[in-house]
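Hi everyone, thanks for coming. Could we have the structure up on the screen, please?

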Amino acid sequence: MSVKIFNTAEVQDLLKAAANLKANGSNERLKTIVHRLLGDLFLAIDDLDMTPDEVWAGVNYVNQLGKDGEAALLAAGLGLEKFLDMRMDAEDKQVGNDGGTPRTIEGPLYVAGAEVRDHTSKIDLDEDDAARPLRIHGIVKDLNGSPLAGAIVECWHANSNGFYSHFDPTGAQSNFNLRGAVKTGADGTYEFHTLMPVGYGCPPHGATQTLLTKLKRHGNRPAHVHVFASAEGKRKLTTQFNIEGDPLIWDDFAYATREELIPPVTEKSGGAALGLKADSYKDIQFDLTLTPLVSGKDNQVVHRLRATVE
Ligand code: DHB
Ligand code: FE
């Protein structure tokens, strides 16, 4: 079968009816988006001669994706989240608001509500024998290099099994294990005492991994630490850094790696005095440069569904 019916009046009328384009007083933006996305899908079916079986396989897949609660995982794995970052990067460049620490994807595994501590937080609440101690620290500054006092830095990362608290399939971690928030003092510095993470892998039997496997792709990320940083009068930064040396750094299934987000890992001693679980520890300095508001607004703050804990 090789028919092309997209440009017929009947199909165009069907699209307009499905999006209810004619109705007044309904959500114009939503109608425009539904009309466009549905039209792009119809056109793709026509162009590629998709069979009904292929279309129903896709519909069934969407159902399974929802049952598995993995739509946001798939968004990262198919590069949709990266694409949104690329668009924000281009917009920043256009208005000349670049030069800060590069953004990279948030991912779906943040949990809101970590207690905000002054300057330093020890966030490894649960024992993890396989993980070595890690000190993460840095300075939050503006584009001139001036330290930002009262900035909030949040971080979250996986344990030595690559699992995040709240999303851990073994149920083994307590609330807010390996998740923390601190407020900088006058010198703009922050610090987290934690354990070395291991790279994350998609749930092996979930809908995301199922599709990736069919595409002959893996669903793994290099070891990384997520960061949010915000300060009065500055835009909220969403970023991550990778753990230098991880073999997947340039093969991240979620495309989050950036050259500027691979800080050196140094071997240090004196961990006992810092309250770390061993005297020898890994140290990562990750400075954060925040950018100014655009016309008085934070145009990079993103609203999305995020997990919370009572
Ligand atoms: C996914 C997992 C992560 O840990 C992350 O940082 C980004 C994406 C995911 O499963 O899609
Ligand atoms: Fe992650």
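I'll talk about the ligand, the residues around it and the cavities.

First, some housekeeping. This is a predicted model, where local features need pLDDT of at least 70, side-chain atom pairs count only at pLDDT 80 or more, and totals for chains, interfaces and linings use all residues. Residues are numbered from 1 along each chain as its sequence is written, chains are lettered from A and ligands numbered from 1 in the order in which they are written, and side-chain values use heavy atoms, with hydrogens and water left out.

Let's start with ligand 1. Which residues come nearest to ligand 1? There are 13 residues around it, and Leu73, Tyr164, Tyr200, Arg221 and His226 come nearest; being near here means having a heavy atom within 4 Å. By class, this shell has eight nonpolar, four polar and one charged residues. In that scheme Ala, Val, Leu, Ile, Met, Phe, Trp, Tyr, Cys and Pro are nonpolar, Asp, Glu, Lys and Arg are charged, and the others, Gly among them, are polar.

Two elements each supply at least two residues of the shell: α4 (71-77) and β8 (224-230). Helices (H or I, at least four residues) and strands (E, at least two) are DSSP runs, numbered from the N terminus.

Now the atom pairs. An N or O atom in the side chain of His226 is 2.8 Å from an oxygen atom of ligand 1. For His224, a polar side-chain atom lies 3.1 Å from a ligand oxygen. Leu73 brings a polar backbone atom, 3.2 Å from an oxygen atom of the ligand. And how much of ligand 1 does the protein bury? Taken alone the ligand exposes 290 Å², and the protein buries 100% of that, by the Shrake-Rupley method with a 1.4 Å probe.

On to the empty space. Rolling a probe the size of a water molecule over the atoms shows where empty space is left. A cavity, on a 1 Å grid over the protein atoms alone, is a set of points where a 1.4 Å probe fits but cannot get out, and lining residues have an atom within 4 Å of a point.

The structure holds two cavities of 30 Å³ or more. The largest has a volume of about 90 Å³, and its space is the one taken by ligand 1. Its lining has 13 residues, with Gly107, Pro108, Leu109, Tyr200 and Arg221 nearest the centre.

The second largest cavity has a volume of about 30 Å³. Among the residues lining it are Thr104, Arg221 and Gln240.

Methods:
A polar contact is a pair of N or O atoms within 3.5 Å; within protein, one must be able to donate a hydrogen and the other to accept it, and residues adjacent in sequence count only if both atoms are side-chain atoms. On a 1 Å grid over the protein atoms alone, a cavity is a set of points where a 1.4 Å probe fits but cannot get out, and a pocket is an open set with protein on both sides within 12 Å along at least five of seven lines; lining residues have an atom within 4 Å of a point. A molecule sits in a cavity or pocket if more than half of its atoms lie within 2 Å of its grid points. Grid points are joined across faces, edges and corners, and a volume is the space filled by probe spheres set on the points.
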